[in-house]
Amino acid sequence: RLLIIDFGSQVTQLIARRLRELNVYCEIHPYQAVTDEWLRDFAPRAIVFSGGPDSVMRDGSPRPPKAAYDLGVPILGICYGQQVMMQDLGGRVEAGEQATAEFGRAYVTPAAAKSALLAGWFAEGREQVWMSHGDHVAEIAPGFEVLGTSPGAPFAITADESRRFYAVQFHPEVHHTPNGKRLYQNFVRMAGFQGDWTMGAYREEAVARIRDQVGDKKVICALSGGVDSSVAAALIHEAVGDQLTCVFVDHGLLRLNEADEVVAMFRDHMNLQVIHAQEQELFLGQLEGVGDPETKRKIIGRLFIEVFQKYADRIDGAEYLAQGTLYPDVIESVSFSGGPSVTIKSHHNVGGLPEKMGLKLVEPLRELFKDEVRALGRELGLPDHFIGRHPFPGPGLAIRCPGEITREKLDILRKADAVYIDQIRKHGLYDEIWQAFVAILPVRTVGVMGDGRTYDYACALRAVTSVDGMTADYYPFSHEFLGETATRIINEVKGINRVTYDVTSKPPGTIEWE
Ligand code: XMP
């Protein structure tokens, strides 16, 4: 296994991701935890020093343990990791000045020395890389050679081949270093990794870690039917079986047949213990007459926590709460917490629950990205159509029914949504679209059907492409598709006589209507 010593870079997890893509097993450990003794015990086959925000010029700045250099294994230092390696081994680092700091795109060209680290590099003379440093190496350590330079970093790539120590000033793990993966590939090949580690192996390791953490204690999980909580539940169930109980809160704002499908799948197909909390009356009752979007969201969020707590209290001796937190959620909550950002929408989640209930967290997906979670879900036997499902927001159809919610409107909305999604699937477009749904509008319009006048609701179709939900563009359906879908909805769904298509991108729009 490979060890990543984390010095606090924002992109350390991307190193792990690149390595997983190369089918190499790695673990990230914060530098504080990596002592000489621990390291010898861990016995990595290779080590990566991550980047970090500190300056090696500062007394007391983070260091790797000295033993790292004595293990005889290859080391790759990145950015701060390069500077720390150079300083530790007898080179010199200079504090950043404006003239030498580099942020963003830069180009590295080859130097005289060659190395297997750079196999496949410089085919076109130079490589684009992503730099982000204030300090820089002023003098390389004895035994090192320069393999590549950039205008702002004369020691952009350095190596001591005899010891297999490599150090680069840029970030090969980020998207903006397009050939960075090749560099990692060369590094792990030199370290002797076969690249035979798989999601199946990850599953086994994750299961072992969960068992280790949870022991014989009980775990509860708020199952939403979304991919993240589903995969988390399936994984934890594999680890601790019936020590896990899931609570599926049915707030009456779900899609057509959704509650039954989710409960049946987990209960019957996957054999999990699932409590189906039928609280539709409670939620819809409290939402009656409420039209303001934020008030709706707050009511749903508060009730959700109350209901979950009520059911969880019935499970004797639960000590852990399982959550399907993904790596991007971890980053977002770190980099945005306390920031001056405006609340656009108060997102619905169960954050705050664990402290309130005195529960400890199990978050087995914390280091994974969405596509990796999907791969793990497939590995665990969750059906493909389930894993590939579009995201669905916690407040459910409440935010697709602008203004006051009524049961009548929810029923109409469910039917229209089902027809729309059926159309999208039939045309083979489902997987191209990030998210698609119908919103029912709080207006009635006049129409004519047969020989009669109608006075029914209008609805809006929404479909967007996106990579992370932060920005989005509307999906360019053909006019034929839109026409056919409108006809079907109006013919098949009583209560709707007009269909519109929402062509707003995000920003300025949001994906959901509220
Ligand atoms: P917006 O509407 O803010 O949505 O552009 C971005 C993404 O987040 C989803 N969404 C939510 N997900 N709880 C969730 O779990 C929420 O309260 C919530 N609100 C929006 C939305 O469906 C889209 O994928």
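This is a predicted model: local features need pLDDT of at least 70, side-chain atom pairs count only at pLDDT 80 or more; totals for chains, interfaces and linings use all residues.
Visitor: Where does Ser230 lie, and which residues does Ser230 touch, not counting residues up to four places away in sequence?

Guide: Ser230 belongs to helix α6. Its contacts, with those sequence neighbours set aside, are Leu223, Gly225, Gly377 and Leu382.

Visitor: What makes Gly226 count as buried, exposed or partly exposed?

Guide: Gly226 has 18 C-beta neighbours inside 10 Å.

Visitor: Where is the place of Gly226, and with which residues is Gly226 in contact beyond four places in sequence?

Guide: Gly226 sits in the loop between β12 (218-222) and α6 (227-240). Beyond four places in sequence, Gly226 is in contact with Pro391 and Phe392.

Visitor: Which feature does UniProt place at Gly226 and Ser230?

Guide: The unreviewed UniProt entry gives the feature "binding site" at several residues, including Gly226 and Ser230.

Visitor: How many residues of domain 2 are in contact with domain 3, and what kinds of residue are they?

Guide: Domain 2 (199-387) and domain 3 (406-501) come from the domain assignment. Four residues of domain 2 are in contact with six residues of domain 3. On the side of domain 2, three are nonpolar, one is charged and none is polar. The centres of these two domains, taken over C-alpha atoms, are 29 Å apart.

Terms used
Residues are numbered from 1 along each chain as its sequence is written. Domain bounds come from an automatic or database domain assignment. Two residues are in contact if their C-beta atoms, placed from the backbone, lie within 7 Å. Ala, Val, Leu, Ile, Met, Phe, Trp, Tyr, Cys and Pro count as nonpolar, Asp, Glu, Lys and Arg as charged, and the others, Gly among them, as polar. UniProt positions are given in the numbering used here, feature names are shortened, and annotations may be inferred rather than shown by experiment. Helices (H or I, at least four residues) and strands (E, at least two) are DSSP runs, numbered from the N terminus. A residue is buried if 20 or more other C-beta atoms lie within 10 Å of its own, exposed if 12 or fewer, and partly exposed in between; C-beta atoms are placed from the backbone.
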